[in-house]
Amino acid sequence: MIGFPTYGKYSRIAVFVHDGNRWYAYAFAYRKSFWHALGHTTLSGKNPRQIPPQLLEFAETHKVRRVRIVLPQTIQKLENVDLPYDAAPEELQTIIALAFSQTTGQEFGTIRVAAAFADTFRMGGTNETLYAAAFELTQLELYEKLCQPAGLRFDGCGVLEMAALAAGVRMHDESRFLILKRDTGFYAVGATDQLPMMTSGIALGTQPEEHKRETERLQGAARRINAQKSIPLQILYSSGMDEKRIEELQSIIDPETPVSFTDLSEIAEEIAREIAATPEPNLPAGGGALAGLPEKEKSPYRAGTWMFFFALFFAVFFTAATYYKLQSDLNTINTKTAAWEKLRAERKKLNDKLAAIDAQRNKNEKIIKLLNQKNPLPAVLVPLLVELNENMPVYTRLTEIKQTSGDELQLTGYTLYQNGFLQLRPKLNQKMNEYHALVEQKTLEKITDSNEQRFVLRVYPSDFKQ
């Protein structure tokens with residue numbers, strides 16, 4: 001725990017997960033932005049209301065300072081709960097617990113609620129919907145009492161179904177999920193183009209009921225599950241489900257549905273890590289949401305003493321700070337003046353750069369426009385090139401063929417053989433007449449300090465001449 005406060009949010013933590021039949025205990029340490037498991041153990045036990053001494057010994061062995069407990073609970077969906085963005089955790093807990101009590105009828109003041117926004121599960125839910133589960137206040141107080149003799153701080157309780165759903169989505173983000181406990185299940189399917197994210201309880205568990213009632217439950221579950229048969233289904237089940245029960249469940253699932261069965265023991269570490277990663281209890285969070293105990297009441301005398309010292313400190317501080325503020329304001333003005341001049345110079349530089357970019361863009365647009373034309377090159381170009389290839393005089397070369405406008409071309413070159421060059425134009429005209437075009441000599445000039453002559457020929461349609 002070197003470098004972390006004894007009870008800080010990054011101190012070592014133990015998470016005890018109960019699936020209805022068995023305890024899974026994990027110890028975590030925070031290193032390099034990740035909660036690493038230091039060790040784990042399992043223990044059979046169907047009573048979640050008492051923390052087995054072996055688990056507390058496990059926590060002491062790994063030198064953890066905090067404990068969080070994960071239990072299966074019934075999840076309620078709360079719609080349009082108005083949560084002020086600047087409210088303290090205890091204020092948010094009060095608002096959510098009141099909404100939960102109004103929805104379920106549980107007595108307000110006797111419960112603490114773990115809640116998660118629907119959008120945190122990454123299944124297409126919105127932040128206007130909360131998924132919540134309640135824990136008895138007396139049970140949380142008992143957990144705290146059991147942890148104290150071992151020097152452990154009890155942080156709160158998380159919800160097995162929400163943590164398992166969050167862990168499952170991380171591993172299978174294109175699936176829907178059925179989380180089965182002993183007697184009931186929790187079903188979740190992500191939003192589609194037509195339907196929003198949906199969750200519901202299912203009266204079906206890992207252990208079958210009396211035959212007639214069980215048949216009705218299987219039929220009801222089949223109708224609900226097969227309504228989205230094209231979406232892969234992940235079934236996460238608590239320990240104790242045998243192969244015969246798995247075969248029963250497979251028989252009610254549409255054969256077209258890709259389905260897999262996973263014992264919660266296989267992902268218990270990911271469930272525990274989801275709980276460990278939650279920074280603070282009593283706040284709406286993701287799958288690792290925690291319901292913690294209420295804040296302890298503080299002594300009014302202690303608060304008054306601290307207020308006096310704070311008032312005295314701020315009086316002295318304000319007197320000293322006034323002088324430094326005036327001096328700082330002057331330095332700030334000078335600094336801002338220099339910075340403004342620098343910004344003006346930089347703005348001019350950027351404006352020049354922008355003008356250059358605009359010019360290049362205009363040039364590119366012209367090129368694109370030319371390339372998009374159906375006939376970007378004159379029809380006479382290819383026969384002209386063929387004719388030049390066959391009749392180009394010796395010691396004569398072309399250096400440029402330029403399309404000046406529409407169907408008009410300009411040929412530029414050099415020759416050492418003037419007589420041969422003068423015979424070239426009639427031959428070209430003879431060929432170009434077939435394409436209703438003329439070849440006109442625009443320039444033939446001697447190059448200074450050279451034996452070469454530079455020539456320019458113009459090729460244009462015969463029915464148009466400037």
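Trainee: How many positive and negative side chains does the protein have, and how far apart do the centres of the two sets lie?

Mentor: Bear in mind that this is a predicted model. The protein has 55 positive side chains and 55 negative ones, and the centres of these two sets lie 7 Å apart.

Trainee: What does the radius of gyration say about the overall form?

Mentor: Start from the inventory, in which the secondary structure comes to 10 helices and 18 strands. The globule rule gives 23 Å for 466 residues, whereas the radius of gyration here is 41 Å, well over that value, so the protein is more spread out than a compact globule. Along its principal axes, the C-alpha trace spans about 115 × 80 × 45 Å.

Trainee: Which residues of helix α2 are buried, and what covers them?

Mentor: Helix α2, residues 89-104, reaches 22 Å from its first C-alpha to its last, close to the 22 Å expected at 1.5 Å a residue. Its buried residues are P89, E90, L92, Q93, I96, A97, A99, F100 and S101, and what covers them includes β5 (76-79), β6 (111-117) and β7 (129-136). Just after α2, G105 takes a positive phi of about 85°.

Technical notes: Residues numbered from 1 in each chain as written. Predicted model: local features only at pLDDT ≥ 70, side-chain atom pairs only at ≥ 80, totals over all residues. Heavy atoms only, no water. Helix = DSSP H or I, 4+ residues; strand = E, 2+ residues; numbered from the N terminus. Rg over C-alpha atoms; globule rule 2.2 N^0.38 Å. Lys, Arg positive; Asp, Glu negative; His and termini not counted. Charge placed at Lys NZ, Arg CZ, Asp CG, Glu CD. Expected span 1.5 Å × (residues − 1). Buried < 20%, exposed > 50% of the residue type's maximum accessible area, 1.4 Å probe, protein only. Contact = heavy atoms within 4.5 Å.
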